[in-house]
Amino acid sequence: MDTRKALGSPPVMTSEIDDWLKKTILHSTPEDHGYDTVLWTLEILVDVLKKRFDLWVSDSTVALHLHQMNLSCQKPCYQAQGQDPEKVAHFINNKFKLIQKVAQKIGADIAFEDEAGIGVMTRSGRTWGEVGSPPKVVVSDQRGGYNVLSIVTPKGELIYDVEEKPINGSRYIQFLQKVLEGRTRPLIIIADNVSFHRSKEVRDFDRANRQKIRMFFYPRILLN
């Protein structure tokens, strides 16, 4: 049923419109309505209300109604398109606990390693969602520009390196050697499944330095 016709183009916000607006925000993105973004803004919501209900309201009026519906403007949790929630849950609830046992047995620290590309424009910002439940927004995984290699431990230790060229197994080993400099305890590194992480030369380095470093990998949660 056409909500606009049923409500007769009301001149003010109604509870029916509020319900429709909340469902629209929580269960769709602006892209679904023809806009070139996945983030809800007051400007877009005002425009949607004009098109859907022929209703002309200010952005402050929309904001007031959203707050009354327990919605707030917040930074979303970005989720990759190919993520497999079941594999992620298995890693957290099973494999990671085994890794913690290994770390305790050999007296090792645990570090999380990843690379980040700087230079490709990625949409970021805030969008509207339910208070206490940041909305998930699917974004591009494309990377480029400078590459930053880094590890971080639960205690907040951070080691990083910057590389202009694409990273391969040899460059990755150089970073691992930097990470191991001066360490007095073994280090367990948890990384993703990018190809150079699992390259033969990196596997050989891992085996040759078994007393210093051990590598584990996240599940293959992203599409190739």
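These are my notebook entries on a predicted model of one protein chain.

**Entry 1: ground rules**

I number residues from 1 along the chain as its sequence is written. For this predicted model, local features need pLDDT of at least 70 and side-chain atom pairs count only at pLDDT 80 or more, while totals for chains, interfaces and linings use all residues; side-chain values use heavy atoms, with hydrogens and water left out.

**Entry 2: the whole chain**

I looked up the elements and found seven helices and nine strands. Both kinds are DSSP runs numbered from the N terminus: helices are H or I with at least four residues, strands are E with at least two. Of the 224 residues, 39% are buried. Buried means under 20% relative accessible area, exposed means over 50%, and partly exposed is in between (1.4 Å probe, protein chains only).

I also checked contacts, meaning heavy atoms within 4.5 Å. Among those between residues at least 6 apart in sequence, 71% join residues at least 24 apart.

**Entry 3: the sheet**

In what order do the strands of the open sheet lie? I read β7-β6-β3-β8-β9, five strands with mixed pairing. The edges are β7 (158–163) and β9 (213–217), each pairing on one side only. From one strand to the next, the twist averages 25°. Two strands count as paired if DSSP finds at least two bridges between them.

Phe-112 has Ile-190 in β8 as its bridge partner.

**Entry 4: helices across the sheet**

Helix α5 (residues 85–106) lies across β3, β8 and β9, at about 160° to β8. Helix α6 (residues 169–180) lies across β3, β6 (146–152), β7, β8 and β9, at about 150° to β7. For these angles, axes are lines fitted to C-alpha atoms, for helices over the stretch in contact, and values run from 0 to 180 degrees between N-to-C directions.

**Entry 5: salt bridges**

How many salt bridges does the structure hold? I found 11. Each is a side-chain nitrogen of Lys or Arg within 4 Å of a carboxyl oxygen of Asp or Glu.

Asp-109 pairs with Arg-183, their closest N and O atoms 3.0 Å apart. Asp-109 is in strand β3 and Arg-183 in the loop between α6 and β8, so this pair ties together parts 74 residues apart in sequence. Asp-109 counts as buried at 19% relative accessibility, and Arg-183 as partly exposed at 22%.

Arg-183 also meets Glu-157 in a salt bridge (3.1 Å, N to O). Glu-157 lies in the loop between β6 and β7, so its bridge to Arg-183 ties together parts 26 residues apart in sequence.

I noted Asp-161 and Arg-171 too, with 3.1 Å between their closest N and O atoms. Asp-161 is in β7 and Arg-171 in α6, so the pair ties together parts 10 residues apart in sequence. Arg-171 counts as buried at 12% relative accessibility. Through shared partners, salt bridges join Asp-109, Glu-157, Arg-183 and Arg-185 into one network.

**Entry 6: one histidine**

Is His-65 buried or exposed? I found His-65 buried, with a relative accessible area of 14%. His-65 lies in helix α4 (residues 59–68). Neighbours within four places in sequence aside, His-65 is in contact with Met-13 and Asp-18.
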